[in-house]
Amino acid sequence: MFMLWIIALVTILIVSLIIVIKAADIFVDKIVEIGGIIGISEIILGVTASAIGTSLPEFGSAVMAALFNSPDLGVGVVIGSNIWNIAGILGISAIFAGTIRSSPKGITRDGAFTLLTAFILLGFMYFRGVVDIYASIIFVIVYSIYLWILIRDQKKEVEKNKADKQEKIVTPKGGDAIADHPPEEKKKIGFGMIAWSLVGLAGLIVGCRLLVYSGTELAIIANIPQMIMGLFTLAIGTSIPELVVTFNSARKGLHDLSIGTILGSNTFNIMIGLGIPAIFMSVPIEHLSYTFDAPVMIFVTVLVLLLIKRGMKLTRVDGFILALTYITYAVLRIYVLG
Amino acid sequence: MVYKKILVTSTGEYLDQIAKETMEIIADWDTDVIGVYVVETSTPFLTPKKVKEMMVTELTQRGKQVLDAMEEKFRAPNIHFSRILKEGDPADEIVKIAEKNDVDLLVMGTGKSIVDKHLLGSVSEKVVHSAPCTILLIRTVSE
C-alpha cells in the first residue's frame, strides 16, 4: 500500500509537470494572440512571451508553494532552477552542441542583470533574513527596468532590420521558391481564444498545485527537507522548457537565444518567481540558503560569464566544467550539508 | 565533366570554401546554380510554441542572409543563380529539391568530428544515401 502511494505520488509529479509546461505554453500563446488583437505591439509581446514563456512553471510552483505554506519549496525551486539552468543546462548544451557563441551585448546586458538580481536577492536574504513586500517592490521595479531595456533594444533591432531588408526571390527554372507570407487577415478575439487561455491558466494552477503537493508529500515520506526537494526535483522538472529551448537552439546555431533564454529566465525566476509570492506572504529564508545556495548561484553565474568572456563562446570543455560544478554542488548539498 | 545545373547548400559556415571549390568546377561553363537553405523546423516535445516560432523566424532570416551571400559569391556572367529557402528536415528537403530540379551536381560541406557526428548527427551523411545525382562533399574542418 505504502509502495503504491509512492508510485502514485511520483506519477502525479511527472504528470503535473507535463500539465504545467503545456498549460503555460497554451496560456502564453493565447494571451499573446489576444494581446496582438487588442493592439499591444508585437515587439512587447515577443519580448515578454520569450522572457516569461519558459519560466511560468517555476513562477507557478513558487506562488503555489507560498500560498500553501511551503515557502522553502518555493525558494528551493527558484534558486535550484537558477543553478541548474546555468551549470546544468548550459553545461549539457555546450557538451552536446560543441560550441555556444554569445554576442557581447547578450553578456553585458543579460549577464549584468542576472548577476545584479542574484546580488539583490542575497542582500535581502543576508540583511533581512526574509523576502518580504519591500523585496517584492524592488524586484518588480528592477524587472520592469529590464523588460523596458529589452523592448527598447528589440525596437532598435527591428528598425535596423527594416532598413537592411531587401528581399530578392528568383524562382529557379522548373523549381520552387518560398514566397513572402501573404498579409494576415485581421483577427477578432473569439470564444475559443478566451476559452483556451482560461484552460491554460486553469491547467497551470491545478498542475502547480499538484506539483507542490506531490513534491511536499514525497519529501515527507523520504524524510528529506522540502528545500532539497525544491532545489533539485522540482527545480530540474520545472526547467524542462529551458532545457529543450537552450539545447535545441544551441544545436541549430541560434546561440543568442540559447544563452539569452537561460540568463533571462534566471532574472525572471528571482524578480518575479520570488517577488510575486512575497506579496502574499513574507518568505522566510533558511540559513543554508544564504550561506550556501545563493552564493553558489552567484558563483556559477560569475563562472559562466567568465568562461564566455574569454572567447565570446562556451566550448565543450567549458560545458564539462559547468556540469562538474553542478554535480559537486548537488553532492555537497544533498550528502554533506543535507 | 561539365555540370549544367548545380545545387549548392550551406548553413553559412565555410561558405567561402564551398563557393570557391564550386567556382573552380564551373570554370567558364554556362551553369545554373541553385542556392539552397533549409530552415530546420523540428523541435522536441515541450518546446514552447512561441519560442518555436521565434526559432523559425530567426533561422529564416539567417537563411535569407546566407542566400544573399551565396548570390554574391556566384555573381558571374556565365552563372545564372537562383535561390530556394525551404522549411523542413534539411537532408530530406535537399534531396527533394535536387530531384525536382533535376540537378547534375550537389555541393555541400562536411567534416564534423566523430564526436559531433554522434551527438548532433550529419546532414551530409543522410544526403549521400539518397541523393539522385553526383555529390561533391567539401571537407570543411580545419586541420
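One term before we start. I call a residue buried when its relative accessible area is under 20%, and exposed when that value is over 50%. Also keep in mind that this is a predicted model.

With that cut-off, take B:Glu93. Buried or exposed? Its relative accessibility is 11%, under the 20% limit, so B:Glu93 counts as buried. Where does B:Glu93 sit? In helix H3 of chain B, which runs over residues 90-101. What does B:Glu93 touch, once neighbours within four places in sequence are set aside? The contacts are B:Val38, B:Lys86, B:Glu87 and B:Gly88. Now look towards B:Tyr37. B:Tyr37 and B:Glu93 are 56 residues apart along the chain. Their C-alpha atoms are separated by 9.4 Å.

Now zoom out to the whole of chain B. Buried residues make up 48% of its 143 residues. Chain B has 5 helices and 5 strands. In sequence order, the pattern reads β-α-β-α-β-α-β-α-α-β. The radius of gyration is 15 Å, and the globule rule gives 15 Å for 143 residues, so chain B is as compact as a globular protein of that length. For overall dimensions, the C-alpha trace spans about 50 × 30 × 30 Å along its principal axes. On contact order, consider the contacts in chain B with a separation of 6 or more. Of these, 77% join residues 24 or more positions apart.

Next, the interface. The size of an interface is often given as the accessible area lost when the parts come together. Here, chain A and chain B bury about 3,400 Å² between them. Carbon and sulfur atoms carry 58% of that area. In residue terms, 39 residues of chain A are in contact with 37 residues of chain B.

What about charges and polar pairs? The rule finds 3 salt bridges across the interface of chain A and chain B. One of them pairs B:Lys50 with A:Asp29. Their closest N and O atoms are 3.4 Å apart.

Which helices of chain A supply at least two residues each to the side that touches chain B? They are H1 (2-37), H2 (42-53), H4 (71-97) and H9 (240-251). By class, that side of chain A has 19 nonpolar, 9 polar and 11 charged residues.

That's the tour. Over to you.

Methods:
Residues numbered from 1 in each chain as written. Chains lettered and ligands numbered in written order. Predicted model: local features only at pLDDT ≥ 70, side-chain atom pairs only at ≥ 80, totals over all residues. Heavy atoms only, no water. Contact = heavy atoms within 4.5 Å. Buried area = accessible area lost by both parts, 1.4 Å probe. Salt bridge = Lys/Arg side-chain N within 4 Å of Asp/Glu carboxyl O. Helix = DSSP H or I, 4+ residues; strand = E, 2+ residues; numbered from the N terminus. Nonpolar A, V, L, I, M, F, W, Y, C, P; charged D, E, K, R; others polar. Rg over C-alpha atoms; globule rule 2.2 N^0.38 Å. Buried < 20%, exposed > 50% of the residue type's maximum accessible area, 1.4 Å probe, protein only.
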